[in-house]
Amino acid sequence: MNGHPRRLGGQGRFALATASVAVLSMTASGCVVVHGEREIVPTVTRADAAGALKAFTAAYNKADKTYDQAADAERVTGALADIDGAKLKAGLKNSPDGNPAHSPLKLTDAEFTIPEKAGWPRWFVADTAANKGLKNTRWLMVFNRSSANDVWAVSYLTIVNASDVPKFEKTKDGFAEPVPADDAALAIAPGELGEAYATYLKAKDSGSAGSSGGETFAPGTHTSVWRTDREKKSRQPGLARQYIDEPLSKGDYAPVGLRTTDGGALVFFATHHYEKQTAAPGVDLDVDPNVQALLTGEVKSSLTLQRVSNQVVLNPVKSASDQQVKFLSRVDGLTSVKGE
């Protein structure tokens, strides 16, 4: 479901084919090389998954300590690369000597959910405990690799309550089932989640209804609360706000899903959000140091902020009694700012 268009990019930093005969060989590193790319096989060995997690953590910590984007550029991609890279850029501008609040990230108690699929890209999900953030939470990361020449890079990073991590449908050998982007059995096909979310955020009432007769997305912080908050802000005296929301679904921004034991799916997807603030005459626009660090242009009467968001949801089957898509987590970041 993914491609690989880029490999860019502290505390607070933060995504099937038919089987046929193929020749498999084991490299010295333990990676499986598939000739023909049509055999359905595990996307990674557990040893290599553990190695990818270790390499990511080391690169993440080095970048966080120095604010050097090059330090983890190979180990982040997609939505996470955009979020991570912008925060490192802003951090370096505001603190050229590095991160004075750096504390190494430690990821422990790792569990790897490895799907079986054919061809490229290949991906897997790491579920870990972390020494940062709230207690009783888990870090869910999607590791992506688009070819045998690429290293594993994290495209999605979300933080969820430990009790919200679902059970996955697995084979007798312990491998998971990936969900196709066009899976019509789910409440929303994974490939359409970004567009559905953008449409939902534009709605001012329950007009964005799902087949169950209610809202497409379950109410909560990242849905009904956020939509209501934005609507209130758009009516603020002296400061007009306009919003544009778009799906991100190409390459390493493509949605990634795993089948759960209830027939539904856990799906990661990404979106792009614009907010334009226009001040009335005599009203000043607030620009804090983190926003200023990403600013281009001159702030006269308006400010356009761009954010990239990665989120993970539970997507039920259409036959479920409750067909609303439930957000488990959303992590976003400011990626650019333009003043006019």
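Mentor: By class, the second largest cavity is lined by five nonpolar residues, one polar residue and one charged residue. The model is a predicted one. The residues around the second largest cavity are Thr113, Val125, Asp127, Leu140, Val165, Phe168 and Leu266. Its volume is about 30 Å³.

The largest cavity holds about 40 Å³ of space. Its lining is made up of Pro190, Gly191, Leu193, Gly194, Glu195, Pro247, Leu248, Ser249, Pro255, Phe269 and Ala270. Two or more of these residues come from each of helix H3 (193-202), strand E9 (239-248) and strand E11 (265-279). The largest contribution is that of H3, which gives three residues. Sorted by class, the lining of the largest cavity has seven nonpolar, three polar and one charged residues.

H3 also packs against another helix, H4 (residues 221-233). The axes of H3 and H4 lie 9 Å apart and form an angle of about 45°. Angles under 35 degrees would count as roughly parallel, and 65 to 115 as roughly perpendicular, so H3 and H4 are oblique to each other. The crossing of the two helices, H3 and H4, is right-handed. On the H3 side, the contact is made by Tyr197, Tyr200 and Leu201. On the H4 side, His222, Thr223, Ser224, Trp226, Arg227 and Arg230 take part. Taken by class, this contact of H3 with H4 has four nonpolar, three polar and two charged residues.

Terms used. Residues numbered from 1 in each chain as written. Predicted model: local features only at pLDDT ≥ 70, side-chain atom pairs only at ≥ 80, totals over all residues. Heavy atoms only, no water. 1 Å grid on protein atoms, 1.4 Å probe; cavity = no way out; pocket = protein on both sides within 12 Å on 5 of 7 lines; lining within 4 Å. Points joined across faces, edges and corners; volume = space filled by probe spheres on them. Helix = DSSP H or I, 4+ residues; strand = E, 2+ residues; numbered from the N terminus. Nonpolar A, V, L, I, M, F, W, Y, C, P; charged D, E, K, R; others polar. Axes fitted to C-alpha atoms, helices over the stretch in contact; angles between N-to-C directions. Parallel < 35°, antiparallel > 145°, perpendicular 65-115°, else oblique. Left-handed = near helix turned anticlockwise from the far one by under 90°. Contact = heavy atoms within 4.5 Å.
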